[in-house]
Amino acid sequence: MIRHLQGVLRHTLLRLSGPPDLARLDRVPDRIVWPLERDGVELSQRLLDLNAADPVHELGSLLGTRIWLVTGWQEARQVLSDPTSWSTDIRPYLGRRAADEVGGLGFTDPPDHTRLRRLLTPEFTRHRLRRVEESLQQIVATQLDAISERTDADGVVDLVETFAFPVPFLMICELLGLPDRDRETFRGLGQARFGVDEGGVGTFGAISSSREFLKEATARQRHEPGPGLIGQLIREHGSEITDLELAGLADGVFTGGMETSAGMLALGTGLLLQRRDLWQRLPDDAALVEPLVEELLRHLSVVQVAFPRFARSNVLVGERQVRVGDVVLVSLPAADHDAVFGTAPRELDPMRGGPAHLAFGHGLHRCVGAELGRLELRTAYPALARRFPKMQLSGDDPGYRARSLVFGVDRLPVRPNG
């Protein structure tokens, strides 16, 4: 009873004083962001050890708010599947100006989330995505040519610049229906939003810039709907959705489908080039492709943290009591390396089987573009291995991103012809 009263009192004080304005935060302390660190492509041993010992761990406090890290697979599923106990609406924590620029599916609760997701989900079913398969194959073929054309005199080319980035970027532009004149501006808006070194100032500033650009693109299509997703949503649901909401959905498609797929294409290729047995089977073994893609998604889990969950009430997570107003961060890579995946979850084993990975999240906020991401990977990996069967890593250091919410590399030097 006393603990319940303490929770109610804390929630009341929070409403009276207002939550902290995270958009003003210029740096996130190390005690909060260390779980984003990796050992090259692998998870840090510190994170793996924590998962084994304390799958629901108190990281500390930030601006007076207690922060928890969930690393266990079972505990992660519990949090991600429970929209009643948790909110993902971050707007009260951003101040009036920043809150006006944030929305979309990720930071929205029901009933708004339900309404918006209902508009978007039909566009990302396997059946509906068949309409983009030909475009995707053309994009992949063009970028395979770019690898050959841009290989330097030493036989080295950057796979990120020529393939891993442009394939999902061009696919997202095609899907959204962005005209060529907008694409170069759009290109520069992605990566900055995922770094945490500049805290809320950098991240939410990047989100605001991206949202403003898409809001302008959406407003233009109100009068002249284009052939892509934005135009289609306007034609079918124009009266049901505002320009800000539509820009938020488009931004979510961009966020969920651009840097994530680029990271998977680069990092996944890097891993496969070290597993020549799998690389050599990829072009002709159709039965291998789907389980291998799922295992790469699990093993890499490039989205490092699910959308933050804000406790609506006191709730028991695992064996820990989380109080109303606390924030829970779910580490998807740690959950996907839990013991539920067997005795050697750090090994790449496409025949592993077992429970479903959480690379796309879980529950209400599971990535709506998951099938598009899978389609890109199932198309791109075999095509790359078929065109360049002798491809090897060059031995130069990849540019692993430090402390990024979406893990990836800035470059991946390879020798396409061995």
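# Questions and answers about a predicted fold

Visitor: Why are β3 and β4 called paired strands?

Guide: Two strands count as paired if there are at least two bridges between them, and strand β3 (residues 56-62) is joined to β4 by six bridges, the two running antiparallel, so the pair meets the requirement. One of the bridges sets His57 against its partner Leu69 in β4. The two strands form a hairpin with two residues between them, and in that turn Leu63 has a positive phi of about 50°.

Visitor: How do you know that β4 pairs with β10 as well?

Guide: The requirement is again at least two bridges, and four bridges join β4 to strand β10 (residues 327-330), so these strands, which run parallel, are a pair too. Within β10, Val328 is the bridge partner of Trp68.

Visitor: What makes β6 and β11 edge strands?

Guide: They belong to an open sheet of three strands in the order β6-β12-β11, with antiparallel pairing, and both β6 (157-158) and β11 (392-393) are edge strands in that each pairs on one side only. Two bridges connect β6 with strand β12 (residues 413-415) in the antiparallel sense, and Val157 stands opposite Val414 in β12.

Visitor: Why is Leu129 called buried?

Guide: Its relative accessibility is 2%, which is under the limit of 20%, and therefore Leu129 counts as buried. Leu129 lies in helix α7 (residues 126-129), and, not counting residues up to four places away in sequence, Leu129 touches Glu123, Phe124, Glu371, Leu372 and Leu375. Of these, Leu375 is 246 residues away from Leu129 in sequence, while the C-alpha atoms are 8.6 Å apart in space.

Visitor: How do you know that Glu123 and Arg131 form a salt bridge?

Guide: The nitrogen of the one side chain has to be within 4 Å of a carboxyl oxygen of the other, and here the N to O distance is 3.6 Å, so the pair qualifies. Glu123, at 2% relative accessibility, is buried, whereas Arg131, with a relative accessible area of 38%, is partly exposed.

Visitor: What makes the salt bridge between Glu295 and Arg352 a link between distant parts of the chain?

Guide: The side chains of Glu295 and Arg352 meet at 3.0 Å, N to O. Glu295 is in helix α17 and Arg352 is in the loop between α18 and α19, with 57 residues separating them in the chain. Both fall under the limit of 20% and therefore count as buried, Glu295 at 5% relative accessibility and Arg352 at 19%.

Visitor: How many salt bridges are there, and which residues are linked in a network of them?

Guide: The structure holds 24 salt bridges, and a network of salt bridges links Arg126, Glu290, Glu294, Glu371 and Arg374.

Visitor: Why is Ser301 called buried, and where does Ser301 lie?

Guide: The relative accessible area of Ser301 is 0%, which is under 20%, so Ser301 is buried. Ser301 lies in the loop between α17 (286-300) and β7 (309-311), and its phi is near 40°, a positive value in a residue other than glycine.

Definitions and conventions. Residues are numbered from 1 along each chain as its sequence is written. This is a predicted model: local features need pLDDT of at least 70, side-chain atom pairs count only at pLDDT 80 or more; totals for chains, interfaces and linings use all residues. Side-chain values use heavy atoms; hydrogens and water are left out. Buried means under 20% relative accessible area, exposed over 50%, partly exposed in between (1.4 Å probe, protein chains only). Contact means heavy atoms within 4.5 Å.
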